[in-house]
Amino acid sequence: MGSVLCFSWGWGNAFETVYFESRNEIDAQVIDLIDQKGRATVAESNVPAIELIGVSKSFGPVQANKDIDLVVGKGSIHGIIGENGAGKSTLMSILYGFYHADSGTIKIDDKTTTIPDSKSAIAQGIGMVHQHFMLVDPFTVLENVILGAEGGALLKDGVANARRELKRLADEYDMTIDPDAVVGELPVGLQQRVEILKALYRGADILILDEPTGVLTPSEADHLFRILRVLRDQGKTVLLITHKLREIMDVTDTVSVMRRGEMVASRKTAETSMEELAELMVGRSVLLEVDKPEVEVGKPLLKVEGLNVRDDRGVLRVKDVSFEVRAGEVLGIAGVSGNGQSELLAALSGITRAESGKMELSGEKLDLSEAHDAAEMRTKGMSHVPEDRHRMGLVNKFAEYENSILGYHREPKYSKGMFLNKDAIRKEAKERIEKYDIRPPTTEMTAAKFSGGNQQKIVLAREIECNPDVLLIGQPTRGVDIGAIEYIHNRIMDMRAQGKAVLLVSVELEEIRSLSDRIIVMFDGNVVGERGPEATEQDLGLLMAGVNQEAAE
Amino acid sequence: MSKGQLPRWVDYGVLPALNLLAAFIISGLVVVVIGEDPFEAVKWLVWGALGYGEGIGYTLYYATNFIFTGLAVAVAFHAGLFNIGGEGQAYVGGLGIALVCLAMDRFVPWWVTFPFAIIGGAVFGAAWAFIPGYLQAKRGSHIVITTIMFNFIASALMVYLLSNILIPQGTMSPSSRNFEAGGQLPLLRNVFTSFDFGQSPVNLAFFLALAVCVVVWLLIWHTKLGYEIRSFGANPDAAAYAGISPVRITVVTMLISGALAGLMGINVVMGEQTRLLLDFAGGAGFVGIAVALMGRGHPIGIILASMLFGLLYQGGAELAFEIPTISRDMIVVIQALVILFAGALEHMFRPAVVAFFDRFSSDTAEA
């Protein structure tokens, strides 16, 4: 009956109108789509590019997708938004052939189809740009693009063809790139462009982008959106999966909201608002503005003076940085990622050794050019929520309770002599799960299986519950859903209210501005300016881009 | 059960069994090719290893060696270190044991010598693993390369010591003198006289091996050090973040690994041979790699895998004796096939089994 629905739209056959009425919500959507667009691209083909009808998928007892209906108009940018664990990725994996739906119908260009594997997805014109790029770093752009589509045993012909084709694509979609550049040496924004070109080279008409801006700087993200608009105007269909409301508002034509495995709403972007979408995502009103009460600022708990940090390759990444963070204060460090923030955090937390620099931690003076380790810093009252919880903050294959003591495993309360006191560890882990509402509430599941937001809560609980004086926190809400973002922001504000010093590093300007009492901006390893939280986004943006440096000093 | 996950009993039971089955089928084909009856061969193999008391004794004796070397490899695995040097560490560990026995055997009973011999073997084995461990930790010299090289150095060193220093005057064979009673570990045939172990050399070291399994289990999963070892092995960045020193963990883990390998000499030098002789490790250090892989780094798995390889060693010898066309080299081929399937091709059947279970689990979810 699903197929009938679309036919009825295409030909308006009276006989089929019977079925048409029985699926009111869908046909309304289709009409919506077309009405709202009214663009040539849509008008010339009035079938949706993708249509999903009643798609369900469960993993054992967990229903990841429940009876999903989705219509994506051809030549549109359609956003899919939802909290982590809402089922967005599962749905896209079904579209790309990684998973098979338990039930339901998939239609591509009005034809009912099955997508048994990604090869078949590519053959049907679906291309996917993964969150984590699938690129071979030492290969050139050209080599990456033709990888798996070399066309013939001899590389030479394929390469020449590919070079022509790549040039054509780059011209057509305004994506200039040097085909002979080595991918590993390109900035992430360009690497992502290679991924998009890869998909287009394979003939993709439908492009799925999974959290594409997670790794991008704001200007790179803007550029990506420009490219997506060009793609749309050329008739391609773009599916954008994200949990960032702003992106949805900026770039999409239509948006669908997922919550707990269900498709809860579809809207025309022009007719909705961030507030409505946020509410749909979490099922309740979300306070996007953080409540920031007046707190009496005390003495400095963290002072850093003349910090210089060199990375493994001998490049000076942090240059003569000095600042202080006082009790009851959140100091935000803004900056495009890769401008020394990571190295700064690593040096302060004792993970790497600085070239030079002094630190005063709760009154105790430390020379950062000497060897310290992260355990020592913790005992001195500094805890650290790292920027990348997968790489650093968690051991993914450890159980939740084992992760709940990472870095604190030597504390007497967790041990009996040389042994770990697992009963005590589990008991405390359970308490924290309750307090931080970590879901699912189990101490035994491996960290890898928790959603991003819950993983972050595990880290946050560990680093806050040890009652530090100073909290270093990097990208606290990266890859975290809205409900958890609000929760995490409130915890940070609690730390501030308790008179702790918080050093917040984030690439999300909005986050920095809403949480910080003072903001310093890093560019190329230098602190290029300090502002109050009332600073405008443009002002900070200029500092982050390294322009106006003189004016800032 | 989420996708790609297998129940533990499948991961630890069905998959190794499938690998083993594949190895035996290929081995059976090889036996057919040389014109013998594979079922007859299996019969002799199993009977030779388990059919009578002496066979069982030998099987346990070999298994004891593999438990020690398997544990050594497994502990290093948990820290993400591939210790290929179990052979050399066991060999040098035997030197430590022999020196203790040679020094004490004439003055004290065996049970006084025993703990000192354990210390001697562990210290010498650990010392031999320390250098590669230190080089890895401090200089980044790859531990696979250095431990392999140290096997050769150990071999050369022992040839020199045995033929020039430890050799008793007036003998031609490169081995130490025989230990007196104070340096001899009791054989099980003398301890459990009610069971007929025949002339097999299985000795008290077997129980030491089982005890060491418990110690390793406690170490890896229940101590702070084990937690650090596993953290470092699973995610070195997270370990650095947690303040776990990579240098310390690498060195300490290699010391423990070397010590475990070094204990193997208790079984051979103090238990069977009651003297130190050339090449007594006999490849057990390398079998330990397969044992650790097949046993998934867990002491229980290592015991089971060691028993299997003990069975192959003993049953294989019996088979070569009973069916002369199946030579000693054929037995090595069969063992190699088991190592190949259980070790190198460990994950060959996994995708199929995962697919099977995914279908199975989604069926039950729908029902």
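Biologist: Before we start, what makes a residue count as buried here?
Modeller: A residue is buried if 20 or more other C-beta atoms lie within 10 Å of its own. Keep in mind that this is a predicted model.

Biologist: Fine. Is A:Glu211 buried or exposed?
Modeller: A:Glu211 counts as buried, because there are 21 C-beta neighbours inside 10 Å.

Biologist: And what is its phi?
Modeller: The phi of A:Glu211 is positive, about 45°, although the residue is not a glycine.

Biologist: Where in chain A does A:Glu211 sit?
Modeller: In the loop that runs between strand S7 (206–210) and helix H10 (218–233) of chain A.

Biologist: Which loop holds A:Gln475?
Modeller: The one between strand S19 (470–474) and helix H19 (482–497) of chain A. A:Gln475 is not a glycine either, and its phi is positive, near 40°.

Biologist: Buried or exposed, that A:Gln475?
Modeller: Buried, because A:Gln475 has 24 C-beta neighbours inside 10 Å.

Biologist: Now peptide bonds. Is the one from A:Arg439 to A:Pro440 cis or trans?
Modeller: That bond is cis, and its omega is near -5°. As for location, A:Pro440 belongs to the loop between helix H17 (422–435) and helix H18 (452–465) of chain A.

Biologist: Switching to chain B. How do the axes of H3(B) and H11(B) cross?
Modeller: Helix H3 (residues 53–78) and helix H11 (residues 246–262) of chain B have axes that come within 7 Å and cross at roughly 170°. Angles over 145 degrees count as roughly antiparallel, so H3(B) is roughly antiparallel to H11(B).

Biologist: Which residues make that contact?
Modeller: From H3(B), B:Phe68, B:Thr69, B:Leu71, B:Ala72, B:Val75 and B:Ala76. From H11(B), B:Thr253, B:Met254, B:Ile256, B:Ser257, B:Leu260 and B:Ala261.

Biologist: Last topic, the two chains. How many residues does each give to the contact?
Modeller: Chain B gives 22 residues and chain A gives 30 residues.

Biologist: Which elements of chain B give two or more residues to the side that touches chain A?
Modeller: Helix H9 (224–234), helix H10 (236–241) and helix H16 (350–366) of chain B. H9(B) gives the most to that side, with five residues.

Biologist: And what is the side of chain B that touches chain A made of, by class?
Modeller: That side has nine nonpolar, nine polar and four charged residues.

Note on methods
Residues numbered from 1 in each chain as written. Chains lettered and ligands numbered in written order. Predicted model: local features only at pLDDT ≥ 70, side-chain atom pairs only at ≥ 80, totals over all residues. Helix = DSSP H or I, 4+ residues; strand = E, 2+ residues; numbered from the N terminus. Buried ≥ 20, exposed ≤ 12 C-beta atoms within 10 Å, placed from the backbone. Axes fitted to C-alpha atoms, helices over the stretch in contact; angles between N-to-C directions. Parallel < 35°, antiparallel > 145°, perpendicular 65-115°, else oblique. Contact = placed C-beta atoms within 7 Å. Nonpolar A, V, L, I, M, F, W, Y, C, P; charged D, E, K, R; others polar.
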